[in-house]
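Visitor: Hello! I am new to protein models and would like to learn how to read one. Could you guide me through it?

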Amino acid sequence: MEPAPLSSLQEEVEGEPAGEDSSAFSAAAVPPRPATHHALHKYAPLDWSAYFDEERRVVIPGTDDIFNVYTAGSEGPVVFCLHGGGYSGLSFALAARQMKDKARVVSMDLRGHGKSTTSNDSDLSIETLTNDVIAVIRAMYGDSPPAIILVGHSMGGSVAVHVAARREIRNLHGLVVIDVVEGTAMASLVHMQKILSNRAQHFPSIEKAIEWSVKGGPLRNIESARVSIPSTLKYDESRECYMYRTPLEQTEKYWKGWYEGLSDKFLSCPVQKILLLAGTDRLDRALTIGQMQGKFQMVVVRHTGHAIQEDVPEEFASHILNFISRNKIGPNGVEIPGLIKKWGH
């Protein structure tokens, strides 16, 4: 299955339909097979607590918004993770377990996703999502945050870029974008609704949804699917089945805003940057020039689908930890022998 270059939605990540360029997401409507008792055990949900240390509710002052956040680790800089559309903070569970001895991993459920609740869950505009992340970071760390590396997958990658470009987060030292490129994403917007409508929509059990996600859907790692997929579902009492928690097909008016101008914004962010891609030939003109000028590091990850952090969590974690080490990012900022340099505004 050809990896979906940059979906921004979970569906975007579901296998590529033949004959269509579905970079912004992909989906294959493969009906789940009848499950045996063994299969149900193989696809049984796994609890977040085996991967993260804590689950927190972050209340945004002066609003009705409460964001669910998973944390792991107690040393090193903060690796603040933002999932793609239709995923959840548990998309980074397996990677968090790999990183938490050397970094503090924070992974939030974005608005309209996972266990987060807001006054308007359907507002997935890039402006609102960006404001949410800044508000959560301020609520957690106040005016003196530790060193932060922003990590974003797909739609979350776009949010990470917009947060960094706003230059409102003090002590921001790195930006990691996972499998999203403006040129490919914009070109594939026309296919999104068809791809979304073609994917499996209803599941008789959580186990069936997990099974479908690795057999006909976006993921290739069964363990990661068992942790992350349950948080992307909700139970529909009237239909007596599980459905997607986030109705991405209803967010079409926001799609263009997620990606438009993303490459130039990424290149303008005044921090160290790395772009992780699942496959080659993903760079648009602005990024190709930027890479030639040495403005960011690019890594092509082989043998993975769109959700690199889920499919190959060990390799993903090693790229993040190497990025931190190479740029000498300590718990409070860049560490240079004899002095500590803190970047802020």
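Guide: Gladly! UniProt positions are given here in the numbering used for this chain, and annotations may be inferred rather than shown by experiment. Please keep in mind that this is a predicted model.

Visitor: Which residues does the UniProt annotation "active site" cover?

Guide: According to the unreviewed UniProt entry, the "active site" annotation covers Ser 154, Asp 179 and His 306. They are spread over 153 residues of sequence, yet they cluster in space, with a largest C-alpha distance of 8.3 Å.

Visitor: Where is the place of Ser 154?

Guide: Ser 154 sits in the loop between β5 (148-153) and α4 (155-166). As for His 306, look in the loop between β10 (297-300) and α12 (308-311).

Visitor: Is Ser 154 buried or exposed?

Guide: The general idea is that buried means under 20% relative accessible area. Ser 154 has a relative accessible area of 0%, so Ser 154 is buried. His 306 also counts as buried, because its relative accessibility is 1%.

Visitor: What joins the side chains of His 306 and Ser 154?

Guide: For a polar contact, we look for a pair of N or O atoms within 3.5 Å. Here, the side chains of His 306 and Ser 154 are joined by a polar contact of 2.9 Å.

Definitions and conventions
Residues numbered from 1 in each chain as written. Predicted model: local features only at pLDDT ≥ 70, side-chain atom pairs only at ≥ 80, totals over all residues. Heavy atoms only, no water. Helix = DSSP H or I, 4+ residues; strand = E, 2+ residues; numbered from the N terminus. Buried < 20%, exposed > 50% of the residue type's maximum accessible area, 1.4 Å probe, protein only. Polar contact = N/O pair within 3.5 Å; in protein donor to acceptor, adjacent residues only side chain to side chain.
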